Amino acid sequence: MDSDPSLKFAIAIALMQSKLLKKSTNQTSSTSTSTSSGSDAQRWKTKAKARKQEILKLKQELKELEDGRQFDVLPQIASCKCYFFDNLGKLSPKFGDSHNHGFDEVLRRRFLRQVRLVERNKRPCTSIRRKHDLELNAEDQIEQLSTSADFLVEQCKTLDPVTTDTSFTNWSHQAVDMILASLKNIPAKEKEHELIEGIVSSLIARLVGALCTSPGDESSCSHTDAEFYVQHLIRKLGGDAYIGQRTILEVSRRISMLSESLLFMDPFDDAFYNTHICIFMLIQLVEFLISDYTQTWLDDECFENVLLEEWVRSVLQARKSLSLLESRNGLYVLYMDRVTGDLAKKVGELSRLQTLSPEVLAILFH
């Protein structure tokens, strides 16, 4: 049996088939494993890519959350062309026609959020307590008036005319609009309250002070540009009779004070040069207010005849104080003559302005 050739041949065939079958099985298994391995790699690659996108998205959200406080203080605003500072430093008879234009409600909410955050830790408790006797519907307007006024002053302090961008023009524009809107919404009888009088008087004094702030380098012309921006803000606010009349009173008193101080000032002192610039800016501001708004003030229920008498007297006193400088700089006197001449013309044309005392009228038309 061991020598049977046919048996040996059969065994050899069986072994060969077994080896071929095993080899085929190994190749199939290898191919299957390779395919499975490639599929797994592709799947993990896709998962890794998706995870990377999630991580990037989370990083972006985290950055926005981390910057949330900054967005509250300096929220992003719409990029647009603001015409608020057109006619900067220029006389325009129709200047006051658009000072009541509103602004977008979304920007309004962002603006209110910003100024409230800025003033949250600054507001003295006494201001809150003093409002208890005001009507409830006026308290929100007073809050907006106060925060908007403080915010506008802060904007002026950080004003850089060299790098002025749309953020400053937009924010200052909205602050002025908010101040004017708040005053308009406060009932006339409430404006007699000392709290409102104090807010407005403080705003005017601080803005006029910013207008006359001496620059660090008098050889630079950039500070003059900054002063024109501040002057323009005061000019816009003057569209409201309540603010405008008090502004002329404050500015004319400041002119008298500065003109008298020049008499005792060293001409070689840096402050001498800065004071001359300030006087010019203040005279020009009075001219703008009288020319732009005198007639429109008469239609305002907040126009005060008593205050009219006071600021006209103050303007005439400023003219008298500047006459002391005529030997040094007669241009101031000529400029004030033009301002008082324009005022006299307005008084002659508008009957309501003729309620001034005979004494004031005599000086004005002299």
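At the start of helix 9, the backbone nitrogen of Tyr242 has a side-chain oxygen of Asp240 within 2.9 Å. Helices here are DSSP runs of H or I with at least four residues, strands are runs of E with at least two, and both are numbered from the N terminus. The model is predicted, so local features need pLDDT of at least 70 and side-chain atom pairs count only at pLDDT 80 or more, while totals for chains, interfaces and linings use all residues. Residues are numbered from 1 along each chain as its sequence is written, and side-chain values use heavy atoms, with hydrogens and water left out.

Helix 9 covers residues 241-262. Buried means under 20% relative accessible area, exposed over 50%, and partly exposed in between, with a 1.4 Å probe and protein chains only. Gln245, in helix 9, has a relative accessible area of 0%. Its contacts (heavy atoms within 4.5 Å) include Trp297, Phe303, Glu304 and Trp311, leaving aside residues up to four places away in sequence.

Glu304 also meets Arg246 in a salt bridge, with the closest N and O atoms 2.8 Å apart. Arg246 belongs to helix 9 and Glu304 to the loop between helix 10 (270-297) and helix 11 (305-322), so the pair ties together parts that are 58 residues apart in sequence. A salt bridge is a side-chain nitrogen of Lys or Arg within 4 Å of a carboxyl oxygen of Asp or Glu. Arg246 is buried at 11% relative accessible area, whereas Glu304 is partly exposed at 28%.

The structure holds 12 salt bridges. Another of them joins the side chains of Asp150 and Arg206 (2.8 Å, N to O). Asp150 lies in helix 5 (residues 136-157) and Arg206 in helix 7 (residues 194-211), so this pair connects parts 56 residues apart in sequence. Asp150 counts as buried at 16% relative accessibility, and Arg206 as partly exposed at 31%.

For the protein chain as a whole, the secondary structure comes to 13 helices and zero strands. Buried residues make up 41% of its 366 residues.

Note on methods. Polar contact = N/O pair within 3.5 Å; in protein donor to acceptor, adjacent residues only side chain to side chain.
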